[in-house]
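Please open the model in a viewer and keep the selection panel at hand. The stops below are meant to be followed in order.

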Amino acid sequence: MALGLKEYRARQAEAEARREEASKPRVQRFALEKDGDSAVVRFGQEMDADAAGYTEDAGIGVVHIFHVNGDDPKNGFKNAAKCSKEAQGDCYGCDRVSDYAIEWNDRKGWKQKEKFVINLIGGEPREVVEKVNGQEKKRYYTTDLADDHKGGTVYLLEQSTYNGIYDALAAFFLNTKASKETILGKTFQISRKGSGFNDTSYNIIPVEDLAKDATPLSEFELVDVQEVLPEVPYAQQDAFYHKGSASAPAAASEAPASAGSSTGTEDTW
Ligand SMILES: [Zn+2]
């Protein structure tokens, strides 16, 4: 291949655009940067199959019941899987947390956790470059949906059921006079309170009726909320949870001195 200046530069620009595209996250996650930040969004699916706007195509936002590696308070969250007690009759995480011979502090990391996962639509992500351990890392934060409610970016909201969003949204939905039994008919403003890993909560309030000519939800490609966490066969769960962890499972059940400082944080982004 021999290229003149124009062709060579076009080729370079193309490669740059490809790199840029590849560095974007595959799934855009709902995120607000700091205390006081907010975004106005609309939801992409209902939270109940009986809701007025339910369609089989969009499905519903769900609460995942799951476990993380409770032997590793620092990095255990990286190995997370659905609780399999109901689906498989057995669950390694449930086994560990109910091992009453062990001190509570040394097994509480295996408690069931909950997170609410639902698709929503906001404005274009705002890109921020942060330095993490001397390395530049791009982060993307959610912005307001356009005022005419047209277009927008799909975000996956993945938040603990304890931090405010789930309860407030459920209360809105169940207040049928306000909601008309759907969370799809209005826009919502979600605001962040607190900036720490353990003291962050969210407020969510309905803002206005969705414009009649808002982009139909069927035009957005939603993320499959079931795929967010794996369902691991029981026999493989011990290995799955401890993969890449310093604490071997056998040693951990004898002297897990490091497991006592679990913060119990539910924040999973
Ligand atoms: Zn379980």
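**A tour by selection**

Begin by selecting Glu 181, which lies in the loop between α5 (176-179) and β7 (186-193). Helices (H or I, at least four residues) and strands (E, at least two) are DSSP runs, numbered from the N terminus. The model is a predicted one, in which local features need pLDDT of at least 70 and side-chain atom pairs count only at pLDDT 80 or more, while totals for chains, interfaces and linings use all residues. Residues are numbered from 1 along each chain as its sequence is written.

At Glu 181, inspect the backbone: phi is positive, about 60°, although the residue is not a glycine. Most residues other than glycine have a negative phi. Is Glu 181 buried, exposed or partly exposed? Glu 181 is partly exposed, because 17 other C-beta atoms lie within 10 Å. On this scale a residue is buried with 20 or more other C-beta atoms within 10 Å of its own, exposed with 12 or fewer, and partly exposed in between, the C-beta atoms being placed from the backbone.

Next, select Asn 133, in the loop between β4 (113-132) and β5 (135-143). Asn 133 also is not a glycine and has a positive phi, of about 50°. Asn 133 is exposed, because it has 5 other C-beta atoms within 10 Å.

**The whole chain**

Now zoom out. The chain contains 7 helices and 8 strands, and its C-alpha trace spans about 65 × 65 × 35 Å along the principal axes. Of its 269 residues, 30% count as buried.

Select helix α1 (residues 5-23): its 19 residues reach 27 Å from first to last C-alpha, close to the 27 Å expected, where the expected span is 1.5 Å times one less than the number of residues. None of the residues of α1 is buried, the count being 0 of 19.

**The strands**

Select β4 and β6 together; they pair in the antiparallel sense over 8 bridges. Two strands pair if DSSP finds at least two bridges between them. Within this pairing, Asn 119 stands opposite Leu 156 in β6. Strand β6 (residues 153-160) is mostly covered, with 6 of its 8 residues buried.

**The interior**

Select Gly 44, in the loop between β1 (38-43) and β2 (62-68). Gly 44 counts as buried because it has 24 C-beta neighbours inside 10 Å. Residues are in contact if their C-beta atoms, placed from the backbone, lie within 7 Å; beyond four places in sequence, the contacts of Gly 44 include Ala 58, Asn 119, Val 154 and Phe 220.

Which residues have the most contacts inside the largest nonpolar core? They are Val 41, Ile 118, Leu 120 and Leu 157, in a core of 27 residues. Such a core is a set of buried Ala, Val, Leu, Ile, Met, Phe, Trp, Tyr and Cys residues joined through C-beta atoms within 7 Å. The elements giving two or more residues to this core are β1, β4, β6, α4 (165-174) and β7, and the largest share, 5 residues, comes from β4. Finish with a selection of another core, which lies apart from this one and has 9 residues, among them Phe 66, Tyr 92, Val 232 and Tyr 241.

Notes. Two residues are in contact if their C-beta atoms, placed from the backbone, lie within 7 Å.
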